[in-house]
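Please read these notes with the model open beside you.

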Amino acid sequence: MFPIEKYHMAESIQDAVRALAEDEKARVIAGGTDVLIRLHEGHGDYRNLVDINNLDELREIRMDEQGNVIIGALASFTNIIEHEVVRAHVPVIGEAVNTVGGPQVRNRGTMGGNICNGAVSADSACAALVHEVDLVIENAEGERVESIIGFHTGPGRVSLKPGDLLKHFRVRPENYRDFGACYYKYAMREAMDIATIGCAAAVKLDGETISELRLAYTVSAPTPIRCATAEQAAKGKPLTAATLAEIAQAVEADVKPRTSWRASMEFRLHVIRTLAQRVTRQAAERAGGTFK
Amino acid sequence: MKKQTINLTVNGKEFTLDVDVRKSLADVLREQGFTSVKQGCGVGECGACTVLVDDVAVDSCIFLAMWANGKKVRTTEGECKNGKLSPVQQAYVEAGAVQCGFCTPGLIMTTTSFLERNKGRKVTREEIRKGHAGNLCRCTGYETIVKAVESVVEVAEEE
Ligand SMILES: Cc1cc2nc3c(=O)[nH]c(=O)nc-3n(C[C@H](O)[C@H](O)[C@H](O)COP(=O)(O)OP(=O)(O)OC[C@H]3O[C@@H](n4cnc5c(N)ncnc54)[C@H](O)[C@@H]3O)c2cc1C
Ligand code: FES
Ligand code: FES
């Protein structure tokens, strides 16, 4: 039995926000694939739960009139992978979450939970970073919008405050149109494993030169990160092996890998440089480019 | 801790239960006699507790019983109709994919959902493996399990 002390099944967004405001210790439970494991391990910080599983509106995936792609915080990874709108406009998000755990976990786990838990290895984080997704958040004071850029504030920490409910992700058209994007997860096992390094790139081309590169990593610093130096190094460069090598060199200034039982710092750096090239190349090819 | 009343069907039969909100679906199903639902790890790693909720495969050890309210649950007991094994169950027997059998009920439910999701479509061996990555087996080495699955799905030419 899970050591839950208080449990409230929310009936509406307003009801969830009210329940969260009433109890400072209350935490949201979505798919539960992190929360229930924390509880199983006896952690004290998830004993008061506000359950959002009945809020079907938070499961919605759609495109709005302004061309924003909306992904509900409660949409399961499987729903995201299979959804037409995701496939057509932000396929890298589906590609990224398709690397999470096994089918049972993907059927329950949500992108909302994956971002809100603040994990430095979260598979959806790189894809969210290269598309600069907005997070639409509600609390007792009302609604606000935060960017994914800067949302992760430290290992396991995000800029959500007690009482905050993430409602959905919003990808603005300028952040996905004309971009080719790609995610690669390097892990020790082929499935059911946390990333040793995760890496996504989004590339926009101007003819055969890179007009914009967005490069993001997980497990390469204390939070998922974007790589300003490498991105700058790519600007206006032709699609050549030399450009890829320059990007791989520049990325060293952006990352701070460390040694853990999964991999040493040196090995991580090697994977980081290798992936910078692989992922940038593929993203550029998906944007319609050809390498010389 | 408060109890809540939930209505669900398990293998086609309706149940109204007063469940403790702290309980997992795996616990509640076992209490109701569906002991094919095994608990190995209790943390979503091994898949022994896999059941289908509205035809979607979930690890019932990390699925609150509350969440099954109004839903249709399937366990391997219900796949066997009038004493006749389902094609998936039969395939596991014929391929010798069962040794101690602890993982088998969960795997059979995963295969059942894999089969239903891929109806009318050819799948690759790679897809079979990825589709079963959430289930661990201590005994078989997986080869016989993949063979069992191959015998019930349409397999594409080797990739
Ligand atoms: C076997 C297994 C394998 C896994 N493999 C991977 C993997 O390969 N890659 C990976 O990235 N993750 C993996 N995970 C972790 C987990 O599945 C994901 O992080 C998942 O996205 C969590 O989503 P959830 O809906 O289950 O979150 P929950 O467990 O419900 O919640 C997670 C956290 O987010 C908060 N939260 C959730 N939704 C909201 C919201 N709408 N508003 C505010 N706060 C919210 C919760 O309070 C909690 O802090 C794995 C887990 C398991 C059990
Ligand atoms: S017992 Fe549920 S996944 Fe292992
Ligand atoms: S047959 Fe023994 S665990 Fe699979």
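**Helix pair and sheet**

1. Pro87(B), Val88(B), Ala91(B), Tyr92(B) and Ala95(B) of H3(B) touch Thr144(B), Ile145(B), Lys147(B), Ala148(B), Val149(B), Ser151(B) and Val152(B) of H6(B). Contact means heavy atoms within 4.5 Å. By class, this contact has nine nonpolar, two polar and one charged residues. Ala, Val, Leu, Ile, Met, Phe, Trp, Tyr, Cys and Pro count as nonpolar; Asp, Glu, Lys and Arg as charged; the others, Gly among them, as polar.

2. The model is predicted: local features need pLDDT of at least 70, side-chain atom pairs count only at pLDDT 80 or more, and totals for chains, interfaces and linings use all residues. Residues are numbered from 1 along each chain as its sequence is written, chains are lettered from A and ligands numbered from 1 in the order written, and side-chain values use heavy atoms, leaving out hydrogens and water.

3. The axes of H3 (residues 87–95) and H6 (residues 143–152) of chain B come within 8 Å and cross at roughly 135°. Axes are lines fitted to C-alpha atoms, for helices over the stretch in contact; angles run from 0 to 180 degrees between N-to-C directions. H3(B) and H6(B) are therefore oblique to each other. Under 35 degrees counts as roughly parallel, over 145 as roughly antiparallel, 65 to 115 as roughly perpendicular, the rest as oblique.

4. In chain A, five strands form an open antiparallel sheet, ordered E4-E5-E10-E6-E7. Helices (H or I, at least four residues) and strands (E, at least two) are DSSP runs, numbered from the N terminus. Strands pair if DSSP finds at least two bridges between them. The twist averages 25° from one strand to the next.
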